[in-house]
Amino acid sequence: KYASDRFIEVIPEIEMPGHAVAALAAYPQFSCSGGPFKVETTWGVFHDVFCAGNDSVFSFLQDILDEIIPLFPSKYIHIGGDECPKTRWQRCIKCQKRMKDEGLADEHALQAYFICKIEKYLQPKGKSIIGWEEVLEGGVNASANIMSWRSKNTEVKAVKEGHQVIMSPRKFCYL
């Protein structure tokens, strides 16, 4: 309300499927390996991510989103989707089974499956997702909003695919 009264829209970012080591330290059952994990204390990209082959991961994330939705009146929820290494998924029996069952070509397509599943959950709740440009790698619905930060050409690709694009080039906007 405070922000809204000042014409500021606050959009929460609930990072998935990567950048999740803190969550996995508390809930290791949502990883591919089962842990144990410790909360990272330095910046970085880490190989442990949410297991895309585990249905309980989606229930967990949906519960989190259900708690976040009433707190933020924005029509947008940023779901991250960036810097998600696929190494754990490549060796995970559950992830490989999900890929086979869903006819997914590779782990990039598995990430797209993950993102699209979350988007489908949020749409009936009146929310649109924003994802970092990496969500384009496996293909996502045109309704997903893309936040371009790494590449000069990503925004052009995203627009050609029908996405709305938020420009946030890291050279100028990465704080």
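**A perpendicular helix pair and its surroundings**

Helices H4 and H5 are roughly perpendicular to each other. In this predicted model, H4 spans residues 93-102 and H5 spans residues 107-122, and the two pack at an angle of about 80 degrees. That angle counts as roughly perpendicular because the class covers 65 to 115 degrees. The axes of H4 and H5 lie 10 Å apart. On the H4 side, the residues that meet H5 are Cys-95, Gln-96, Arg-98, Met-99 and Glu-102. Their partners in H5 are Glu-107, Leu-110 and Tyr-113. Sorted by class, the contact of H4 with H5 comprises 4 nonpolar, 1 polar and 3 charged residues.

The account now turns to H5 itself. This helix has 16 residues, and the distance from its first C-alpha to its last is 23 Å. That reach is close to the 22 Å expected at 1.5 Å a residue. How much of H5 is buried? Of its 16 residues, 13 are buried, so H5 is largely enclosed by the rest of the structure. At the start of the helix, a side-chain oxygen of Asp-106 comes to within 3.1 Å of the backbone nitrogen of His-108.

Cys-116 is also part of H5. With a relative accessibility of 14%, Cys-116 counts as buried, because the limit for that class is under 20%. When residues up to four places away in sequence are not counted, Cys-116 touches Val-140 and Asn-141.

Is Glu-155 buried or exposed? Its relative accessible area is 16%, and Glu-155 is therefore buried. Apart from neighbours within four places in sequence, Glu-155 is in contact with Ser-148, Val-165 and Met-167.

The remaining features concern the backbone. Most residues other than glycine have a negative phi, and most peptide bonds are trans. Against that background, two peptide bonds and two phi values deserve attention.

Where does Pro-17 lie? Pro-17 is in the loop between strand S1, residues 13-16, and helix H1, residues 21-26. The peptide bond that leads from Met-16 to Pro-17 is cis, with omega near -5 degrees. The loop between S1 and H1 also holds His-19. Although His-19 is not a glycine, its phi is positive, at about 50 degrees. His-19 has a relative accessibility of 33% and so counts as partly exposed.

A cis peptide bond also joins Gly-35 to Pro-36, with omega near 5 degrees. Pro-36 is located in the loop between H1 and helix H2, the latter covering residues 55-68.

Phe-7 is placed in the segment before S1. Phe-7 has a positive phi of about 60 degrees, although this residue is not a glycine. At 80% relative accessibility Phe-7 counts as exposed, because the threshold for that class is over 50%.

Technical notes. Residues numbered from 1 in each chain as written. Predicted model: local features only at pLDDT ≥ 70, side-chain atom pairs only at ≥ 80, totals over all residues. Heavy atoms only, no water. Helix = DSSP H or I, 4+ residues; strand = E, 2+ residues; numbered from the N terminus. Buried < 20%, exposed > 50% of the residue type's maximum accessible area, 1.4 Å probe, protein only. Axes fitted to C-alpha atoms, helices over the stretch in contact; angles between N-to-C directions. Parallel < 35°, antiparallel > 145°, perpendicular 65-115°, else oblique. Contact = heavy atoms within 4.5 Å. Nonpolar A, V, L, I, M, F, W, Y, C, P; charged D, E, K, R; others polar. Expected span 1.5 Å × (residues − 1). Polar contact = N/O pair within 3.5 Å; in protein donor to acceptor, adjacent residues only side chain to side chain.
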